[in-house]
Structures are given as C-alpha cells and as structure tokens.
Amino acid sequence: MMIKIVIAGPRGNMGREAVKMVDKELGFQLTAVVDHKYNGFRMKDVEGMEPLDLPVYEDMEACFQQVSCDVLIDLTTPEVGKKHMLTAFEYGVRPVVGTTGFTDVDIEELSAIAEEKKLGAIIAPNFAIGAILLMKFSRMAAKYMSDVEIIEQHHDRKLDAPSGTAVKTAQLIAEVRDPKKQGHPEEVEKLAGARGADYDGMRIHSVRLPGLVAHQEVLFGGEGQSLKLRHDSFNRTSFMPGVKLACETVMELGVLVYGLEEIIE
Ligand code: NAP
C-alpha cells in the first residue's frame with residue numbers, strides 16, 4: 001500500500017531531509033507540503049525546497065481538503081505542531097511529529113483525541129534509532145551499576161536544557177536503579193551548576209557548542225571499573241530511518257504513542 005504523506009516545515013533542517021527521504025522511498029508518496037510563507041507556490045519555485053512539482057499550502061485545512069493524505073509529518077514548532085495535529089485528527093490523517101517542546105498537558109489532550117477517534121499518532125522527540133538503543137542499553141546497565149552520570153551535547157541554537165532525550169534516559173534508568181544520591185554526601189559546588197542537574201540523585205550535564213549536532217554519553221562507575229555508552233548524530237540524515245519507521249508504524253496504530261522507544265523492541 002502506498003502511504004500518502006504531507007510534510008509541514010519543508011524548508012527547515014529536518015523538513016528538507018524528510019522531503020528527500022519520502023521522495024525516494026518506494027512505499028511513500030509526497031502529495032504536498034505546508035509552509036507558512038509560500039502559499040500557492042510549487043515546491044520547485046521556492047528557494048530552499050527540493051525541486052519537486054508539488055503544491056505548497058499555508059493552511060493545513062485547505063491542504064487536506066484538496067490533496068489526498070494518510071500521514072502528516074510535522075517538523076515545525078510546538079505551537080504550530082499542536083494546531084497541525086488537531087487539524088490532522090479532524091481530517092482522519094495520522095500525525096508523525098518530530099517537533100519538540102510539547103508539554104505533558106498537550107500530550108494528554110492529544111492522546112485523548114487520538115483514542116476517541118481511534119487514530120494512530122506518533123510524537124517522537126528523538127528519531128535517531130541509535131539514541132533510542134542508547135536509552136534502552138542504559139536502562140539495562142543501571143540495574144547492575146547504579147552510579148551514573150549523563151552528558152548530553154548539542155548545537156548552541158538549542159533552547160532547552162537538559163535535552164528531552166537526556167531526561168527520558170534518566171527516567172528509564174530511575175525505573176530500575178536503586179535510588180541513591182551520588183557523589184560525596186558533603187560535596188560543595190564552588191561554582192553553581194558545577195555538578196550538573198540532579199535527577200533522582202544522578203547528574204545530567206548539558207554542553208552547548210557550535211559545530212555539534214546531537215550527542216549523548218551515559219557513564220557508569222563501579223568498583224574498579226567503568227562503562228561508557230555513547231551515541232552521536234552527526235547530521236539530520238541520522239533521524240530519517242526513525243521517521244520512516246514511524247510513518248509505517250502509525251498506519252497500524254489506533255492510539256497516540258509518545259517516544260520511538262515505545263515502538264522499537
Ligand atoms: P528549523 O530548521 O528551524 O525548521 C523549522 C521550520 O518550520 C522552518 O522552516 C520554519 O519556517 C517552519 N515553520 C514555522 N512555522 C510554520 C508553519 N506555521 N507552517 C509551516 N512551517 C512552519 O528547525 P529544525 O532543526 O528543522 O527542527 C524542527 C523541529 O524538530 C524542532 O522542534 C526541533 O527541536 C525538532 N527536532 C526533532 C528531532 C527529532 O529527532 N525528533 C531532531 C532534530 C530536531 P521559518 O524559518 O520561515 O519560520
């Protein structure tokens with residue numbers, strides 16, 4: 001079955017890669033894109049878009065009324081992404097959302113709508129399959145090595161810290177780790193923040209530098225040994241196998257799934 005796809009945010013770093021991926025996948029058909037600046041244009045006539053002869057819509061509703069679509073890929077901003085998801089649900093379209101920054105309340109509200117409509121949806125703050133495996137391996141290791149520190153590194157345009165992936169990694173570790181406050185009980189920070197953020201007694205450190213993309217290390221320490229798990233996304237193509245998997249999986253779902261880790265065994 002051919003999956004018909006609309007992409008919102010096609011000029012963005014992630015959106016451009018998603019357009020290329022969907023265009024070359026045999027089981028996918030890109031039918032239109034949604035961009036708030038180029039209503040009525042053809043993609044090939046817009047600088048920064050792939051040279052495809054497909055329509056550009058500003059308004060998501062107009063787009064769904066005029067072109068056929070099974071899946072909406074949203075790679076925009078959280079405010080817009082949420083509106084796009086609500087419109088997609090109204091039109092029976094399944095959203096696959098990589099946009100980050102949704103609140104817990106947003107997720108609850110969107111999950112309730114997906115459940116009521118029995119429509120699949122996936123919100124994945126990290127589409128890099130290697131990063132998802134890193135989270136899972138970390139959870140496995142934490143059962144046996146409960147002293148752990150997470151170091152995440154991102155480009156300096158990232159607004160939130162720590163990253164959603166680092167927090168999710170800490171949550172998964174906390175599910176199996178013996179609760180404990182790490183470090184010396186009387187340790188003193190001579191500079192505020194030197195020991196990083198405290199998540200259930202373990203520490204998370206956020207590095208922001210130009211040139212980086214998305215990287216995470218999880219360090220475990222034990223008597224006379226240490227274990228280091230590391231994942232690097234060197235560019236945005238690293239996220240596309242995850243986007244592809246989500247587009248295929250969402251067609252089989254009747255609820256909203258939050259996090260790619262929920263669909264990778
Ligand atoms: P970006 O380069 O800033 O791209 C965002 C795009 O969305 C821009 O082209 C922007 O256009 C466009 N946009 C804004 N409002 C819009 C609207 N109403 N309709 C259509 N398009 C609109 O950002 P990015 O790096 O591609 O990231 C996009 C999102 O994905 C962010 O939330 C980011 O945190 C997230 N992300 C997720 C993953 C993952 O694995 N899930 C990985 C990397 C990034 P203008 O520039 O004209 O405003």
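## Two strand pairings around S9

Strand S7 (residues 147-154) runs parallel to strand S9 (residues 202-208), and 6 bridges link the pair. Here, strands count as paired if DSSP finds at least two bridges between them. Helices (H or I, at least four residues) and strands (E, at least two) are DSSP runs, numbered from the N terminus. Within this pairing, Gln 153 has Val 207 of S9 as its bridge partner.

S9 also pairs with strand S8 (residues 197-199), this time in the antiparallel sense over 3 bridges. S8 and S9 make a hairpin with 2 residues between them, and Asp 200 in the turn has a positive phi of about 55°.

## About the model

You are looking at a predicted model, in which local features need pLDDT of at least 70, side-chain atom pairs count only at pLDDT 80 or more, and totals for chains, interfaces and linings use all residues. Residues are numbered from 1 along each chain as its sequence is written, and side-chain values use heavy atoms, with hydrogens and water left out.

## The open sheet

Seen in order, the 7 strands of an open sheet are S3-S2-S1-S4-S5-S6-S12, with parallel pairing. Strand S3 (56-57) and strand S12 (256-258) are at the edges with a single partner strand each, so one side of each has no neighbour in the sheet.

Inside this order, strand S1 (residues 3-8) and strand S2 (residues 28-34) run parallel and are joined by 6 bridges. One example to find is Ile 7, whose bridge partner in S2 is Val 33.

## Where the ligand sits

The ligand sits in the largest pocket. A pocket is found on a 1 Å grid over the protein atoms alone, as an open set of points where a 1.4 Å probe fits, with protein on both sides within 12 Å along at least five of seven lines; a molecule sits in one if more than half of its atoms lie within 2 Å of its grid points. Helix H1 (13-24) and helix H3 (78-90) are the elements that give two or more residues to the shell around the ligand.

Around the ligand there are 21 residues, the closest being Arg 11, Met 14, Lys 37, Thr 100 and Phe 127. To be near, a residue needs a heavy atom within 4 Å. The shell has 8 nonpolar, 10 polar and 3 charged residues.

## Contacts with the ligand

A nitrogen atom of the ligand is 3.1 Å from a backbone N or O atom of Gly 98. The protein buries 75% of the 920 Å² that the ligand exposes when taken alone; these areas come from the Shrake-Rupley method with a 1.4 Å probe.

Methods:
A polar contact is a pair of N or O atoms within 3.5 Å; within protein, one must be able to donate a hydrogen and the other to accept it, and residues adjacent in sequence count only if both atoms are side-chain atoms. On a 1 Å grid over the protein atoms alone, a cavity is a set of points where a 1.4 Å probe fits but cannot get out, and a pocket is an open set with protein on both sides within 12 Å along at least five of seven lines; lining residues have an atom within 4 Å of a point. Ala, Val, Leu, Ile, Met, Phe, Trp, Tyr, Cys and Pro count as nonpolar, Asp, Glu, Lys and Arg as charged, and the others, Gly among them, as polar.
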